[in-house]
Every structure is written in structure tokens, then in C-alpha cells.
Amino acid sequence: MITLGIDTANQTLAVGVLEDQTVLGQIQINKKKNHSLTLMPALDQLISDCQLTPEQIDRIAVSSGPGSYTGLRIGVTTAKTLAYALNKELVGVSSLAVLAANCVGIEGIIVPMFDARRKN
């Protein structure tokens, strides 16, 4: 199963492609650029670099927040449009759950956090 992942919830824009449990490629952009300008070129570059066609993607996963309202809208709208146009499965994923999932094997309470800016 090939999954395309999209995360535009925060300042960093991240896209990745996985085949089952193997990462085929990823792009992260941590510039204060508008995600609406960088997301589609990043997706195009990533799919090309992985030598795939959009039709080969089985599932599209997109961050569902928490995060920037505008960033979330850009990512979710792009993911929904791609899933609809390609007739592919669409899955929303909590940004905090993904962050906590990096703590495999840790005993105790895990408290994932993001800088919400404005001293929050």
C-alpha cells in the first residue's frame, strides 16, 4: 500500500510517501512561505522523485490539527481534492498523535506539544 502524507498544520510543510512501512521519500520546508504556494510543487517533486504516478497512490493521509487554521485548510482541501480526483482513500491524522507516536516504548505519560505562537 502506497500512502501519500501531507502536513501543513504548522510552519513546517511536510509531505512524504510510504510503501507499507518503508519511507520512499519526503520533503520538509521550514521557511515562512505560504503553504498555498509550496504544497503542490512539493507534491509534484516528491511523486516524481519516487518514480510514481498519482494513480499508484492508494491512500492520502493529511494532518487534521491542531495547527494553523489557514494551513489546515490548505492541506485538507488539497488532500480531499486529490482523493476525490484519483478516487483514493482519505484519512485524517492528529498532528499530536503523530508526535506522540515517536515515543514508542516510553513508559509513563506522553505530552506532545506545539508552539502555537503568540506566547501559547
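**Note on the predicted model**

1. Asp 20 is found in the loop between strand E2 (13-19) and strand E3 (22-29); helices (H or I, at least four residues) and strands (E, at least two) are DSSP runs, numbered from the N terminus. Phi of Asp 20 is near 55°, which is positive although the residue is not glycine. Asp 20 counts as exposed, at 54% relative accessibility (buried is under 20% relative accessible area, exposed over 50%, partly exposed in between, with a 1.4 Å probe and protein chains only).

2. This is a predicted model, in which local features need pLDDT of at least 70 and side-chain atom pairs count only at pLDDT 80 or more, while totals for chains, interfaces and linings use all residues. Residues are numbered from 1 along each chain as its sequence is written, and side-chain values use heavy atoms, with hydrogens and water left out.

3. Asn 87 also has a positive phi, near 55°, in a residue other than glycine. Asn 87 lies in the loop between H2 and strand E5 (89-93) and counts as exposed, at 68% relative accessibility.

4. The protein chain has three helices and five strands, in the order β-β-β-α-β-α-β-α along the sequence.

5. The C-alpha atoms fill a box of roughly 40 × 35 × 25 Å along the principal axes. Of the 120 residues, 31% are buried.

6. A cis peptide bond, with omega about 5°, joins Gly 65 and Pro 66. Pro 66 sits in the loop between strand E4 (59-63) and helix H2 (69-86).

7. Ser 95 belongs to helix H3 (residues 95-101) and is buried, at 6% relative accessibility. Neighbours within four places in sequence aside, Ser 95 is in contact (heavy atoms within 4.5 Å) with Asp 7, Ala 9, Ser 63, Gly 65, Pro 66 and Phe 114. Across the protein chain, 57% of the contacts with a separation of 6 or more are between residues 24 or more positions apart.

8. On the cysteines: Cys 50 is buried, with a relative accessible area of 16%, whereas Cys 103 is partly exposed, at 29%. A search of the whole structure finds zero disulfides, a disulfide being a pair of cysteine sulfur atoms within 2.5 Å.
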